[in-house]
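Student: Could we look at how this chain is put together? I would like to start with its domains.
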Amino acid sequence: MRTLTDLSKTLGTDLDSDAVTARQEQEGRNKGDGPLARVTEPGKPHGTGDTARAHESAIKHVTGRATYIDDMATAGNSLHVALGLSPVAHGRLTRMNLDNVRAAPGVTDVITIIDVPGHTDIGPVFPGDPILVDDEISYVGQALFAVAAESYKAARLAVKDAVIEIDEQPANLDPVAATERGEFVRPTHTQQSGDWQQALETAPHMLESEQFVGGQEHFYLEGQACVVEPTEDEGVVVHTSNQHPSETQKLIAEVLGIPFHAVTVETRRMGGGFGGKETQASPWACIAAIIARRTGRTTRVRLPRAEDMRATGKRHPFHNRYRLGFDDQGVITGGDITVIGDCGYSPDLSEAVVDRAMFHADNAYSLGQARVTGHRARTNTASNTAFRGFGGPQGMMIIEAAMDDIARHVGEDPLTVRKRNLYRPGRDMTHYGQQVEQLTLLNDIVSQLETSSDYWSRRQTITDYNARSRVIKKGLSLTPVKFGISFTAKHLNQAGALLHVYTDGSVMINHGGTEMGQGLHTKVCQVAARELGLDLEQVRITATRTDKVPNTSPTAASSGADLNGQAARDAASQIRERLFDFAADHFCQDQGGLDRESMRLENGHLVAGSGESIRHIPWGELVQAAYLGRVSLSAKGFYSTPLIHYDRDTGKGRPFYYFAHGAAVAEVSVDTLSGEYQVDRVDILHDVGDSLNPAIDIGQIEGGFIQGMGWLTSEELKWNDSGRLVSDGPATYKIPAFGDLPPVFNVELMQGHPNSQASIYRSKAVGEPPFMLGISVWSALRDALASLTDDRECPRLDTPATPERVLMAIEAIKTQRSDTQRNVSHHEPA
């Protein structure tokens, strides 16, 4: 067996005297006293290298080894829970007899609202969400009771034995009517810039219109699921598919009437979230926790797809209206925009969702002197909640509709009018008082994409094609995106991280963000590796746990990498500086120590000095020496976003740390006889600043675009007159499939524009902004329909723009054209 000294001789000049000394110090020691580093030989590949790295769980995903909640092995006596859900949308619960349920085979426990030991309202921000129905029923699918049984089948069968009597009342399913009656879940809010009424009165031209923007089901591949284990004291350990473990910890503690520290919530990964597990994963965990504490047995909850879709909220449907004044060039001078969010029966996150719709009612355009009003209507449906974009997409839709309408009114191409209205010097202030920075970037993205996509030559080709094609009409549209990055609730813009360096040189990082497939854990590992000069393989992530990093914010608002990456960087920086301080005194003591100012960690080494005096200390040796020198190798990091503020009383402030930008060009072909269409080509240029991981970012852009396209085209939520969701599964609710991908799909990252703000390595968020690039498909469909009017009008097209809706728009155009021709004939002289 070679000694460390022998090894240093074998390696020759690869090790300097400091490294040899460090190795000699380890000779003869027990492994438990000072274990050898896993990477002790220089010459191995180190450093961050290419930032386009694979997802940290990619191999597990594709081989099926990634563990999700329903894959977890639990004790053989685990209980399975099924829910009794309301069959009506509105009414009062007059009788509920569960005797037959309790007597059913395999049933161990049945709970109702009276069995909740602590709080019964689990509203995430504002009250209004009972864990189980007490008296009033507010929507079809609301939980009435829960059954725990020895098997999942037994629990589901037992639910059917319940005797339920309800005094059914008329259901309110119309958010516009609710607004007119003043039925809101939260007060109306207004933002205003200048004298909008004067702007309308003096404008050379004025247009007004309205639109309906449909909601969207999250359709995560892994449904709502959790496993709760009772602990030996009064607490529980909760494994949950959840975007906000800290909130779930709080709610479970309040429901059980125990301290927060008695509840530990863990999330390793989710099979998709998209916002649907930000607040609405908590109820099921609370119910499971109650049963686990009552029975002393591990308890599982998993919702079948149809029940999941009926019981949980969606993206908010919106009813939008605009009145805008503009000049002869189509440049907006001011106006009035109103957005009505269909919030469902309770507040949930609707205050912030409708706020963000208002913040993004301008998208990338200066509104001039404008007023934006947001209503939060109460209806008898499941409480609508967060969804990728968080209201921003719905707000952008109204101004993009206006851009198309104004362009047809002034006889210009829609792209020309859009470019004239982009934020620019002299008009760089939003209607809520935030200055738009990087104005050149916004214009550069549109100009570069305009060129790279051959927009104008394709426009001429499409115009010629439509002139000679009687049935198939083509459409083309370029739409930009300006999306604000930060939680609009200021206190959520904070994050923590915990980093350990072990004596073998390996690194463990934990943070408050959750992984739902978006690559957050991968990016955080890359940050830690970069700060410590290590290869990514030397850093491992652990499950998000409330007992490691407390009081965390949800993984939402595109802020996961921004917040948690900075917290991880802070923790790693502390370790790095600690090691530098130690090394300056420990190594080369006979020569006065190493040069502290020149130290850096790179390629798996501590490097100090330069030229002939340069010193290299292998990472493993540095760590072991620091451990023996009693230097702490663990650190907690923290970050809070600077600069942001917003005053709701004045409707003014800087709610966003920065804006992310992008643009997409979509080309479509529409069959005017059937309304069916296809997306022929998509070109995207997107701004991610200096990308943390280009491979993951491009994947997020592609996925976000397709999901946005699905929201605006094929994903239709349908309720019957009684308020029951009838599109409650993949047979009736159509998400985009592989065949819906455009055959030409070009995606590029904008280069040379690092973030103007001090974000993590000057990168930009990428989770939500690409979603709104899908608006280009909807706008292209309107462009194709406009060709039926000789491009004089842009027909109204509500969303989702299904083939049926497209066909109805075509028929409306034909009817209007026939009526016009008849009127002309009627007035011609005989």
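Tutor: An automatic or database domain assignment divides the chain into domain 1 (75-171 + 218-311), domain 2 (318-488 + 648-816) and domain 3 (494-640). This is a predicted model: local features need pLDDT of at least 70, side-chain atom pairs count only at pLDDT 80 or more, and totals for chains, interfaces and linings use all residues. Residues are numbered from 1 along each chain as its sequence is written, and side-chain values use heavy atoms, with hydrogens and water left out.

Student: How far apart are the C-alpha centres of domain 2 and domain 3?
Tutor: Those centres are 40 Å apart. In the contact (heavy atoms within 4.5 Å), 21 residues come from domain 2 and 21 residues from domain 3.

Student: What area is buried between domain 2 and domain 3?
Tutor: About 1,600 Å² is buried, and carbon and sulfur atoms give 57% of it. Buried area is the accessible area (1.4 Å probe) that two parts lose on being put together, summed over both.

Student: Which residues of domain 2 lose the most area to domain 3?
Tutor: They are F487, I760 and Y761, which together account for 44% of what that side buries.

Student: Changing topic, how many salt bridges does the rule find across the interface of domain 2 and domain 3?
Tutor: The rule finds 1 salt bridge there, where the term requires a side-chain nitrogen of Lys or Arg within 4 Å of a carboxyl oxygen of Asp or Glu. The side chains of K523 and D697 form a salt bridge, at 2.6 Å from N to O.
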